[in-house]
Amino acid sequence: MKPRQERALAVARRLGADGVLAADPATVTWLTGLEVDVESGPSPFALAPLVMLTAEGPPVVVANKDEAAAVAAAGCELAGYTGFTSGPLDPVGGAARALAGAADGRTLATELGALPAALVGDLALVEAAVELAGERAVKDPDELERLRGALALCDVGQREARARAEPGMTEIELWGLVRAVIERAAGGRTPLLADLASGERTGETGGPPGERALAEGDLVLCDLVPRHRGYWGDSCATFGVGVPAESAQAKHQRVRDALGRGLDAIRPGVRAGEVDELVRAGLAYEHHTGHGLGTSWHEEPRIVPGGTTVLEADMVVALEPAVYEGDEGVRVEQVVLVREDGCELLSRHAIDL
């Protein structure tokens, strides 16, 4: 049994439950390695998979029978129901019956906010979302390997954005080049979130790429979040097309200095709110200063004002201080691994202007 599965079962025991029912797709991946599709949206043929974990055997995945090969490859058992079919569709009924049979009267610690109400029935459930989210924050070695792979894709995309941005090119044209190089490096289709904004749009904290054409002297804010083998990377750089204005250069230096303060502060025992206060000082941004990465692209520890999470070794933290003033916005983001004596920089992309 993987260490994280043992930690999840320990959560269940503390809450008086017999096992865990993972309902959040991020927790499903965390426990089993199964990747939940995030690009096609809800399926008409099946519900998102659930995972039941007990001390009595391998994890049991409640999913449609079309997932049998993937479930077996993950070392799990399948409690299946009919998915893709030419006959009547009943994924809710099928999932409810499969789940009830797998649970077999056990009390399960679950994430009620992610569990479809139609599946609850007569199940004995205990809320455990906060506790499971806390356990997900500390990474096992195999998780760190996958995160490094996702961050390598970030580096590839950031390098391409800098190399290909030129006056006259639209944001969406640049985005197409960036996505293509990431997918070539990954060897296949890759879920990818992004801000890619230029010029005055950077002052609006970013946004998805659009039809705006880049101009000489523009800032480009590029925030790339790819998923690799179930784990999400994250990165952000703000760079110039040509030579940016002196005002933009000054903002960039302030943000770089803030990032440096945060990197120097990260170590075990430090509270998230303390890091936020150090980084945020003198800057104007309304969003978080940082967040964890893993099977979700935003998870614990959240580096926010008053944050009470205490950093531990093997947590992964993305720091992203920013300034948004007028028509100029600058955000810079790097990811670190918390070590016993400080932190290790995992990001390798350039962050100069």
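Which element gives the largest share of the lining of the largest pocket? Strand 3 does, with three residues. The model is a predicted one.

## Largest pocket: size and lining

The largest pocket has a volume of about 550 Å³. Its lining is made up of 22 residues. Nearest the centre of the largest pocket lie V36, D37, L47, A48 and P49.

Two or more lining residues come from each of strand 3 (60-64) and helix 3 (68-73). Strand 3 supplies three residues, the largest share.

## Largest pocket: residue classes

Nonpolar residues number 14 in the lining of the largest pocket. Four polar and four charged residues are also in this lining.

## Second largest pocket: size and lining

The second largest pocket has a volume of about 280 Å³. It is lined by 14 residues. The closest to its centre are D195, D223, V225, W297 and E320.

Strand 7 (192-198) and strand 8 (219-228) are the elements that each give two or more residues to the lining of the second largest pocket. Strand 7 gives the most, with three residues.

## Second largest pocket: residue classes

How do the residues lining the second largest pocket divide by class, and what are the counts? Five are nonpolar, four are polar and five are charged.

Methods. Residues numbered from 1 in each chain as written. Predicted model: local features only at pLDDT ≥ 70, side-chain atom pairs only at ≥ 80, totals over all residues. Heavy atoms only, no water. 1 Å grid on protein atoms, 1.4 Å probe; cavity = no way out; pocket = protein on both sides within 12 Å on 5 of 7 lines; lining within 4 Å. Points joined across faces, edges and corners; volume = space filled by probe spheres on them. Helix = DSSP H or I, 4+ residues; strand = E, 2+ residues; numbered from the N terminus. Nonpolar A, V, L, I, M, F, W, Y, C, P; charged D, E, K, R; others polar.
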